[in-house]
Amino acid sequence: MKAIITILLIGIFTVSKSQVKDFQGLDVRSNQSVSLNDYKSKKAVVVIFTSNVCPYSVYYEGRITQLVSDFNNEVQFLLVNSHKDDKESTEEMKNKISTWGINVPYIADKDGKIMQSFKARKSPEVYLLKSGSNGFSVFYKGAIDNNPQVASDVKDQYLKKNIQSLISGGSPSTQSTRPIGCMIK
């Protein structure tokens, strides 16, 4: 039993400290290329894999908007759409982000390279990246909170607590949780 727990703890530690390679993608809002390294001056970057139509992604829109508002000065948020359905096209992404009204890059990842580099599988799925002298490392990954469907019933705000911890120089309150959402296709 101790061996299993040790292996699990080592696995979690490895994931939380893993370096993230720079990536580049098209921001459909500005029609400009965006790179992770564009945000080296920020304390943190939150990468959120999302969808235009996945019900779970839609449930989180208000919560994501609030997080962006709360942490916009210190943290850069990047939305990434790796889905390939017709309703996930770059044109539909432009429509979605303009009606959503959120002022963050919405990156089209239609070749799936960003998704593959993060090993993301769901939308929404988040990666809180800590900026350091050697680039970015994963501070937290997984779900935004513990209740994807009912915002008023949330009891644990995983992403918010970890952002606060990172900004204040602390350790992750939770290093990894299981994201609940739609499979990226």
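Visitor: In this predicted model, which residue of β9 does V20 stand opposite, and how should I read such a pairing?

Guide: The general idea is that two strands pair if at least two bridges are found between them. Here V20 stands opposite F136 in β9, and β1 pairs with strand β9, residues 135-142, in the antiparallel sense over two bridges.

Visitor: What is the order of the strands in the sheet to which β1 and β9 belong?

Guide: The sheet is open and has eight strands, in the order β1-β9-β8-β4-β5-β6-β2-β3, and its pairing is mixed. Because β1 (19-20) and β3 (32-35) each have a single partner strand, they stand at the edges, and one side of each is left without a neighbour in the sheet. As a general point about such elements, the side chains in a regular strand alternate between the two faces of the sheet.

Visitor: Which helices pack on the sheet or lie across its strands?

Guide: Helix α3, residues 61-71, packs on the sheet and touches β4 (44-49) and β5 (75-81), and the direction of α3 makes about 155° with that of β5. Helix α6, residues 158-167, lies across β4, β5, β8 (125-132) and β9, and runs at about 0° to β8.

Visitor: Is α6 mostly covered or mostly open, and how many of its residues are buried?

Guide: A residue is called buried when its relative accessible area is under 20%. By that reading α6 is mostly covered, since seven of its 10 residues are buried, namely Y158, L159, N162, I163, S165, L166 and I167. These buried residues of α6 pack against β4, α3, β5, β8 and β9. After α6 comes G169, which has a positive phi, near 85°.

Visitor: How many residues of β8 are buried, and which strands are joined to β8 by bridges?

Guide: β8 is mostly covered, with six of its eight residues buried. Six bridges join β8 to β4 in an antiparallel arrangement, and in this pairing L128 in β8 is the bridge partner of V46. Seven bridges join β8 to β9, again with the strands running antiparallel, and K130 stands opposite S137 in β9. The strands β8 and β9 form a hairpin, with two residues between them.

Visitor: What do β2 and β3 form, and how many residues lie between them?

Guide: β2 and β3 form a hairpin with four residues between them, and N31 in the turn has a positive phi of about 60°. The two strands run antiparallel and are joined by four bridges, with D27 standing opposite Q32 in β3.

Visitor: Where does L26 lie, and which residues is it in contact with beyond its neighbours in sequence?

Guide: L26 lies in strand β2, residues 24-27. Leaving aside neighbours within four places in sequence, L26 is in contact with N31, Q32, Y106, I107 and A108. The relative accessible area of L26 is 34%, so this residue is partly exposed, a class that falls between the cut-offs of 20% and 50%.

Visitor: How can I read S176 in the same way, and which residues does S176 touch?

Guide: S176 is found in the loop between α6 and β10 (182-183), and at 36% relative accessibility S176 counts as partly exposed. Not counting residues up to four places away in sequence, S176 touches Y140 and K141. From S176 to F139 there are 37 residues in sequence, and the two are 8.8 Å apart in space, C-alpha to C-alpha. For E91 and G169, the separation is 78 residues in sequence and 40 Å in space, C-alpha to C-alpha.

Visitor: How much space lies in the largest pocket, and which residues are closest to its centre?

Guide: In general, rolling a probe the size of a water molecule over the atoms shows where empty space is left. Here the largest pocket holds about 300 Å³ of space. Its lining has 15 residues, and the closest to the centre are S18, Q19, S117, F118 and K119. The elements that give two or more residues to this lining are β1, α5 (113-118) and β9, and the largest share, four residues, comes from α5. By class, the lining of the largest pocket has seven nonpolar, three polar and five charged residues.

Conventions:
Residues numbered from 1 in each chain as written. Predicted model: local features only at pLDDT ≥ 70, side-chain atom pairs only at ≥ 80, totals over all residues. Heavy atoms only, no water. Contact = heavy atoms within 4.5 Å. Axes fitted to C-alpha atoms, helices over the stretch in contact; angles between N-to-C directions. 1 Å grid on protein atoms, 1.4 Å probe; cavity = no way out; pocket = protein on both sides within 12 Å on 5 of 7 lines; lining within 4 Å. Points joined across faces, edges and corners; volume = space filled by probe spheres on them. Nonpolar A, V, L, I, M, F, W, Y, C, P; charged D, E, K, R; others polar. Buried < 20%, exposed > 50% of the residue type's maximum accessible area, 1.4 Å probe, protein only.
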